[in-house]
Amino acid sequence: MSLVEPLARPASKTMTDIALSLAGVDKIYLANTKRPIHAVRALDLDVARGEIVALLGSSGCGKTSTLRMIAGFESVSNGAINLAGRRIDPLPPARRGVAMAFEGYSLYPPLTVRDNIAFALKNTRLSAREVAAKVAEIAALVEIEPILDRYPTSISGGQQQRASLARALVRDADLYLLDEPMGQLEPRLRASLRGRLKNLILERKMTSIFVTHDQTEANALADRVAVMEGGVLQQLASQIELKERPANLYVATFIGEPPMNVFDASVETGETFTFTVKDGPRLSYRATEFGEAARVGIAKRPNAVIGVRPHDVKLGVGDNEARVVSNQWLGDQSHIALDVAGKFMVAVSQTEVAERPGERLRYQIRSSRVHVFDADTTRAVSHGHEAAEV
Amino acid sequence: MAQIELNRLSKSFKKNHVINDLSLSAEEGEIVCIFGPSGVGKTVLLRLIAGVEEPDRGDICLNGRDVTEAAPETRGVGIAFQNFALFPHMSAYDNIGSALTARERDKNVIRIKVERVAKLLKISHVLQQAPRELSNGQKQRTALARALVADPKILLLDDPLRNVDAKLRYEMRLELPSLLKASGSTVLYVTQDYKEAMALGDRIAVLIDGGFAQIAAPSEIYRRPATLEVARLFGDPTINLIPGRPDGGSFAIAGVAVPLGPTYASETGRACVLGLRPESLKLSSQAKPGAFPVEIIAVTPLNEKVVLLAHTPDGREIFIAEAGVEDERRAPGPAFAHFDPAEALLFDEASGQRIEPAL
Amino acid sequence: MMERILRGAAITLILVFFLFPIFWIVLMSFQTNEDILRIPPSPFFTPTLSNYTALITGKLVSNAGTLDIAFMHNLWNSVLLSTVSVAVALVLGVPAAYAFARYKFPLSEDIAFTLLSFRFAPPLLVLLPLTLYFQEIGLTDTYVGLVWVYQLIALPLILWIVRGYFEDISPDIESAYRIAGHSWPATFLKIAVPLAGPGIAAAGLLAFIFCWNNFVFALILASADKQPVTVGSLAFVTASGIQYGQIAAAIVLSITPVLALALYAQRYLVEGLSLGAVKG
């Protein structure tokens, strides 16, 4: 088996592969009052069996409401939720075949950690020995073996969170819901836990959805990520898709740390395509560098928003030049902020950069790295040489 | 003469030695980041300097004056708290102005200064609002404005970006250095984020278990950490640590004698821990001299790098970070890892101290 | 549906239970003694203001002659005693509450609890010794003596409620003000007290109500011209019979100020009362 091979997941999903399906789901709080809150709008979401999907967004975007609707703690205002072939939105949580790990730990105080986890297996037909084995296995995975016989009030927040996670994962369920599963954990622990958790989910083909506001977590664990904002699903795609072909400006600037640099620009087309950033540089490219569909899309727009990721800004070469505002070296990479069009343009370099603040530095942005967005709709027009999907 | 001088400070709460025999000096205009894992030590240190807590032992000199016994209002420092600590019953304007009203009577002078710092921090449009009407980012900037408005010689910032969302935090991380340098104050900046510490600090004081494990420039701390613990705290993913005993110029990893070069030859037989940063490990599919076998378990593409979780044959977890691998995708399976000996770090197992390579 | 009916019925019952006496007394206050004592009692009568006039003018005209009533003076005593007691309790109690909230000195919890326990102790426990001591130091039948004794009622209340409010203020806020250059007294007055304002108001209000309602202390330790309304109403038990009408009117006049105050500040009262119970 070679080391380098294409990403594993098959692109097509046949009907029988879909485990969870949300169709046209709305959630409206305070529906009959003067100011209803539309927390989730017309959400369509399909999750294949054994897939891990992350619901990613800032606070208030609707991701937690969505999770709670799937779990059954909130009613669905409109639409339907189907799991394993049956409609679950009218059912109470206990009858849905769903296991959930909560953000607020929610362990039962009078039971030890071990008993808490074992409690999830109470209604199964397993023998005491089998239960103990499963508990031990999951405890090893989340590294809580030393505290199995302690009570929830005597362990730290991070340990409580891991215990809650263990309790959700020890069961066999059709769907696993995790609400910010690692929010309280130290970075060190998160990195190793992520790897092991992903392995477990893959091995057991556990269909899972987890909610997070942390991109790294979403990136690390998920097969696909659903970016939500304002109750609306912005884009549901793999991490690579989101990064390289963001559907709109929101996804483009949300995904990625440091965030994508975006600028308003006027566009001139012809033999040369020139993006003139307002109060800023001109980026000129030969028209033929772009694919035909992309050319057509860009040519339609005399004004656009262009974006370039910090990692795609090449320093030390190129026709453009700017003043260095800050130069921060972080051990394994440097973050350089350049003064462009009155704001910061951040470039990330894998090596140390010599130029200090105040000095000038050349930079280059290749056409294959430019993302163009429609100035009015903020939808993506092109990514590099290719047109964005409509 | 140093602007801030802390001399053998100690403070404990009920037998818990939160700060133990700490010494630190900061020059005028310097930004010193106090970094460490979560715990109360860093905040207590700032409180001692501000004067709202008293040290059990040791003394504090600010601006050349011994202030160990002095009341907080006489110390002339500006402070910004992690939880903002804005006065809820006052407008943002009055909050900021409170740092001036104790000494300045002239309302016009106060207005000019408050408006100037508000403009600098881009909160001029919310000055008349009460704290509860402000967003987190605006609250944080108001707290900063309050700290800066009186042009204090000494600025104490207690993790001011902690409660602010990721985007804004990154933006502030870019803006703060120039802001702080322009103010000319000597700054003590507390943070739990090592990237923030490296980005902002002229020097970093690493506080572990009540004491400073190392006080040095960021590059020094990253490249030549004083102890194992310091090495662990800087870097994401954390540094790989492999115990063993050097033997002549090599080190055994999973049974393979990996060359360390002649610089550590004198440590033969000593119980050591080898530190390998994830970015210094390189993968190949073929065995080569100096490479040890690993099994790749999980591949995690992050923003600008790919993090791989691998196991050595003896079951040890190893993190490898590969930068900017765009067109190749790695997959789980067997591989070989090697590194440049010059990038390796060696620590004494018992004490955790780093062993200097012989030249 | 059933739940709603039952709930409605329960609330009505409770309301009737609590409000009926007040309603009846208000009715009585507009009736003459004859109407009140008539058997069987009748809801229909001609209302009269004679009871109120008697109280206000201070003269009760009855079959046995004209009697001087000191009711208005009693009312004034109530106002004076309650207000001054609460004021003194606030001046003493608010800084004390701050001390208990902010500084953990040895035995602080025990001292605080002891002070609170004064509320539990029946007044009769201290009355006899107090009477003797007051006589010795000459404080019987003085406003000063009464205000002092009323501290037993007002202080613990203020201490406990206001302490909770001070504890709720993040110490960082006060530290921020100090570090900004202000002295401790300035911080206390400009930051701590305003932020604890609702609690102080609620505590003061409650203390006022309890002082106003006190009967036993004034009964024993004061004589006629220092008596508040609670004691003063005893005067209506006269040799020529119990003047129910005037008592009713006196009660209405006595409870009106406090009721009005309580209704006006009702929100603060609930907040202040539940504070002790629900501390995070």
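These legends walk you through a few views of a predicted model. Residues are numbered from 1 along each chain as its sequence is written, chains are lettered from A and ligands numbered from 1 in the order in which they are written.

**View 1. The largest nonpolar core has 158 residues.** Such a core is a set of buried Ala, Val, Leu, Ile, Met, Phe, Trp, Tyr and Cys residues joined through C-beta atoms within 7 Å. Buried means that 20 or more other C-beta atoms, placed from the backbone, lie within 10 Å of a residue's own. C:I158, C:V162 and C:A207 have the most contacts inside this core. Helix α7 of chain C (residues 143-168) gives the most to it, with 15 residues; helices are DSSP runs of H or I, at least four residues, and strands are runs of E, at least two, numbered from the N terminus.

**View 2. Here are the contacts of C:A207.** Leaving aside neighbours within four places in sequence, C:A207 touches C:V86, C:A89, C:I153, C:A154, C:L157 and C:I158. Contact means C-beta atoms, placed from the backbone, within 7 Å.

**View 3. Chain A has 9 helices and 21 strands.** Of its 390 residues, 44% count as buried.

**View 4. Chain B has a mean pLDDT of 88.** Confidence there is lowest in strand β16 (residues 292-301), at a mean of 83, and highest in strand β3 (residues 31-35), at 95.

Terms used: Predicted model: local features only at pLDDT ≥ 70, side-chain atom pairs only at ≥ 80, totals over all residues. Buried ≥ 20, exposed ≤ 12 C-beta atoms within 10 Å, placed from the backbone. Contact = placed C-beta atoms within 7 Å. pLDDT = per-residue confidence, 0-100.
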